[in-house]
Amino acid sequence: MSRLILYAILIIFFTNCKGEQNIALDATDVYKSKGVEIPTYDFESFEPLLKIDDGKTRVINFWATWCKPCVAELPYFELINSRYPDNEVEVILVSLDLPKQVESKLIPFVKKQKIESRVLLLDDPDANSWIPKVNKNWSGSIPATIIYKGNNVNFYERSFTYSDLEKELKKML
Amino acid sequence: MKTLKILVGVAFVIAISAFAIDKVSDSKAKGGYVIGDIATDFELKNIDNTLVSLKNYENAKGFIVIFTCNHCPYSVAYEDRIVALDKMYKDKGYPVIAINPNNPKAYPDDSFDNMKIRAKEKGFTFPYLFDDGQNIYPQYGATKTPHVYILEKTTKGNIVRYIGAIDNNYKDPTAANEKYVENAVNALLKGEKVPVEITKAIGCSIKA
């Protein structure tokens, strides 16, 4: 009996821990195909990701497979992701692909390009309500990138070269 | 590890070769119109090979100018709604004027010939103009497609009354409960102030 209670406590303990990690970001859905998983968020569930204050620098890139300049600069984000330690820099690729193209376009792209950075889908059609919450200066065109650490936030509605991106990142480290 | 090395190598090559191109796109025009500005007229080639200017529309009360294109999924998602807007408002004095601002060198799908094909497929009822040389969209300040400018014709010129999105749901027209363009034109037709003058939307970056 006491053992059972112990198990129960352990289970509650672990589910709570897990719950805490996930509490900030609860995916509204997960697309799974060809061994790739893409969690999907509406803006409300995505927004906490823009406000994590844990000493880590986050590079958040808004992109889509249909956006040519976005795809052109993705290798630079991948390079940042591979060159900087995970506990210092996290690269997050926020796809704005249409949900109906996730399985036909986004997942094959992620698989083919062997994308290693974290990829998620932001699916919230009421863009006028959330674009200004990402940044008040954003017109809504992509590529757009946020580099932030704690309360220090820089926003870029433009394309990057690798050297420009690294330069901007280093300002934040 | 080997793939990583190759990836790094490839990325560097791209980084170097992309440098010149990116420098050019950095200098793209900032600003554009704000509400109340007088919008420039233009003379742009329509898909029927005629030249179209706003001044040719003697009976218009204003215009729904939409920067849009062929290749962009967001533009495509709105095509039927753009046709509906033209049907709804052309006779009331607010015709749709669509302009493709993209350089076909950046997006071959957006070439003049492909504009003709797309307009025919979708049964466009409005002029679909080619911003040849990409000179008009920077003056308006359009950054993406679709990007709407509603102009009111006055004795002083065509005044910008609304800038932004068509409605608040690109995915599903039936779920859109804020029809920004309709609300704006309805207000203008009644001589009232446009209720929401600026909205934002995701769109495809315009490439000159």
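E7(A) pairs with strand E3 (residues 57-63) of chain A through five bridges, and the two run antiparallel. Five bridges also join E7(A) to strand E8 (residues 152-156) of chain A, again in an antiparallel arrangement.

A:Tyr148 takes part in both pairings: A:Arg58 has A:Tyr148 as its bridge partner in E7(A), while the partner of A:Tyr148 in E8(A) is A:Val153. E7(A) and E8(A) form a hairpin with two residues between them. In the turn, A:Gly150 has a positive phi of about 60°.

Helix H6 (residues 162-172) of chain A has the buried residues A:Tyr162, A:Leu165 and A:Leu169. These three lie on the same side of H6(A) because they cover an arc of only 70° around the axis. The face turned away from this buried side carries the exposed residues A:Ser163, A:Lys167, A:Lys170 and A:Lys171.

## Confidence along the chain

The mean pLDDT of chain A is 88, and 86% of the residues score at least 70. Confidence is highest in strand E4 (residues 89-95) of chain A, at 98, and lowest in helix H1 (residues 2-23) of chain A, at a mean of 49.

Over residues 15-23 of chain A, pLDDT stays under 50. For this stretch the model has zero contacts beyond four places in sequence. Where pLDDT is low, the predicted coordinates should not be read in detail.

How values were computed. Residues numbered from 1 in each chain as written. Chains lettered and ligands numbered in written order. Predicted model: local features only at pLDDT ≥ 70, side-chain atom pairs only at ≥ 80, totals over all residues. pLDDT = per-residue confidence, 0-100. Helix = DSSP H or I, 4+ residues; strand = E, 2+ residues; numbered from the N terminus. Contact = placed C-beta atoms within 7 Å. Buried ≥ 20, exposed ≤ 12 C-beta atoms within 10 Å, placed from the backbone. Arc of directions from axis to C-beta. Pairing = 2+ DSSP bridges.
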